[in-house]
Amino acid sequence: MKHLLSLLIPVFMLFAGVANAQDSNKPVKWTFTAEKVNDQEYNVHLKGTIEKGVQLYSSTMGDDQVNTRVVLDSTVKGTITGITEEGKLESKKEPLLDADVKYFENEVDLVVHVKLTAPADKLSGKITYNVLKGGEFATEEVPFSVQVAAPAAAASGDNAAVGEVAEDDASNKSLWWIFIASFGGGFIALITPCVFSMIPITVSFFTKRSATRAAGIKNAFIYSLSIIIIYTFLGFLITKIFGASALNNLASNGIANMIFFVIFLLFAFSFLGAFEISLPSSWANVSDSKAGMGSFIGIFFMALTLAIVSFSCTGPILGNLLVLAAKGGNTGPLVGMFGFSLALAIPFSLFALFPSLLNKIGKSGGWLNAVKVTLGFLELALALKFFSNVDMAYHWNLLDREIFLALWIAIFTLLGLYLIGKLKFSHDSDIPFLTVTRLCFAIITFTFVVYMVPGMWGAPLKGISGFLPHEGSQDFNLNRSLIDIQASLESGAGGGGAKSDATLVKPKKLVGILHSEIPGVENVFFDYDEAIAAAKAANKPLMLDFTGHTCVNCRKFEKSVLSSPKVMKILRNDFVVASLYTDEKTSLPENEQFVSKFDGGKVTNVGQRNLDLEATHFNRNSQPYYIPVDLEGKQLVNKGYGYDPKEDVDAFVKYLEDAKAEFEKRTKK
């Protein structure tokens, strides 16, 4: 038991640390940013995400009532001149207080207006707030601090960003997605031949060779726990060795994507039966020799033996998951490996508790090999995505959209033929008849093939748009041609008056190598300075679209929201649009290269310059990110618009209309 606790304690401490870091006990989770108004004034945004069922009381409530208050630390030489509340303010008669109250639910943004009497490097203070949760009132206090003048993060220009770089709006959900995907990957690994065949053997070993049934169950639980510890420790090592930033760089780096392409290709051919990938047999022999040692240690090495000998099946799945986990920062690999190992470990404990279930699971055989081959086809399709990332970033133009689609159509057609028994590999078993399960999977596969076919002529294919090369690479795009014709007809018919005329300054920089993914907009700029000049010439606000060649969410948002006729019309008639690619590899002329004031790194290419602009001016480093600015490059709204999983067209239209109204207000002054 001591051995068990000694291994459990670090695991509990690890997840307790994560929980504390997220301050999970607080009814309101706060994030802090600041924007500069002028040399003496700042707006500090205290954005609160309110737990479901909780009411956060307004700062407009009296001092003798339940309320929210913000104060600055004594080290800050300045005063709070006012607080603006952004969110849906509710009011009601509170029976528990016998008084009228004002409160927020779900979310609120407290914009604290600060006027300094002396320069400050940071603005710090505390929020004291009252909430009603479950019929009980509670008072909470949270300190805040945002950097406003640190040399390492200083930016040029009046609209330079202050505070820490904000994460993507969807980033809080990414760890959940990593866990869910990894958990699913663990279940897929379970039905591979290397693992599935080990379940009845291992469970029988524990239940039949233990002195009592209780001892057998305990040993099976220890075995399951050992699997979790082994794989989670692997995630811990990956995090410590590479770090979050290195993993994120790998996920978008050209060389790394080529390495992933080759690895996925090898895994695909391995699953298809060309060869078998396995770890050195000596590793398995050493761990197997230790499996006979003491109760706990022996069981632990049995689990280690399973991890090693099953690598030929689990390795390709783990490789995919680690690429996904790279997008989850420091905790991504930990969460991913925990989810994977949890799914892998559950059956060993479950069947130990209920041995009769072993008789109900399918026998290992030909169907397990069919699973491997199916995974091989999927690996082959995914490998093309990594090659496409590099192809787009370096403009090789080898894998245009229609070629990519043609390859996917061929791959999934072959998979469908394999599932109905019309295609057979040397290591496959004979299929005397077609099972209902295989028929259902074949129908799904062929349906997917039919869905992709119209994409050969430019259909948007919104469901998989994030995985496809950009539309600008397609030689014949009927959908884009129809949109362009519609835009021309609207302009010619007076569909926007003078505003529908082409911008006075035409885009010149990078137009030979970059293609617009903003539908319905004829002139899209790819250089910030050139776009500002065009906005001044046309007297229109400038919409900055921070995007990327390899950005899956960018493509999804473009096809689901920006392709809406309402959005296209506003962007075409009322804005100048600039698509700034943050992963564009085109080198800058030597006289345009510089050292970033944000992170101290040297900026040598177009993508680095655009990313530096986004980070230093707008506190962001994620894509997509849409931010409208005025003729001086100052943002027209309090915050930009990141990827919206809801894909709410009306919300984005309102966002554009608000920016237009603010631009008109400023230009009239």
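Trainee: Which residue in S14 stands opposite Leu 542?

Mentor: Val 576 in S14 stands opposite Leu 542. Strands here are DSSP runs of E with at least two residues, helices are runs of H or I with at least four, and both are numbered from the N terminus.

Trainee: Before we go on, what sort of model is this?

Mentor: This is a predicted model: local features need pLDDT of at least 70, side-chain atom pairs count only at pLDDT 80 or more, and totals for chains, interfaces and linings use all residues. Residues are numbered from 1 along each chain as its sequence is written, and side-chain values use heavy atoms, with hydrogens and water left out.

Trainee: Okay, back to the strands. How many bridges join S13 to S14, and do they run parallel or antiparallel?

Mentor: S13 (residues 542-547) and S14 (residues 576-581) run parallel, with six bridges between them. Two strands count as paired if DSSP finds at least two bridges between them.

Trainee: What order do the strands have in that open sheet?

Mentor: The five strands go S12-S14-S13-S17-S18, with mixed pairing. S12 (524-525) and S18 (641-642) are the edge strands, each pairing on one side only.

Trainee: And S6 with S7: parallel or antiparallel?

Mentor: Antiparallel, with six bridges joining S6 (residues 89-94) to S7 (residues 99-104). Glu 94 has Ala 99 in S7 as its bridge partner. The hairpin has four residues between the strands, and Asp 98 takes a positive phi there, near 55 degrees.

Trainee: What about Asn 106, what phi does that one have?

Mentor: Asn 106 is not a glycine, yet its phi is positive, about 75 degrees. You'll find Asn 106 in the loop between S7 and strand S8 (107-116).

Trainee: Is Asn 106 buried or exposed?

Mentor: Exposed, with a relative accessible area of 52%. The cut-offs are under 20% for buried, over 50% for exposed and partly exposed in between, with a 1.4 Å probe and protein chains only. Leu 510 also has a positive phi, about 70 degrees, without being a glycine. Leu 510 lies in the loop between H14 and S12 and counts as buried at 17% relative accessibility.

Trainee: New topic. How many salt bridges does the structure hold?

Mentor: It holds 15 salt bridges, each being a side-chain nitrogen of Lys or Arg within 4 Å of a carboxyl oxygen of Asp or Glu. One of them joins Lys 126 and Glu 141, at 3.5 Å from N to O. That pair links distant parts of the chain, with Lys 126 in strand S9 (residues 122-133) and Glu 141 in strand S10 (residues 136-147), 15 residues apart. Lys 126 is partly exposed at 32%, and Glu 141 is partly exposed at 45%.

Trainee: What's the N to O distance for Arg 555 and Glu 558?

Mentor: The distance is 2.8 Å for that salt bridge. Both residues lie in helix H16 (residues 552-562), three residues apart, about one turn of the helix.

Trainee: Which helix holds Glu 662 and Arg 666?

Mentor: Helix H19 (residues 649-668) holds both, four residues apart. Elsewhere, salt bridges that share partners join Lys 509, Asp 527, Glu 592 and Arg 609 into one network.

Trainee: Why is H17 called largely enclosed?

Mentor: Seven of the ten residues of H17 (residues 565-574) are buried, so the rest of the structure largely encloses that helix. Among the buried ones are Val 567, Met 568 and Arg 572.
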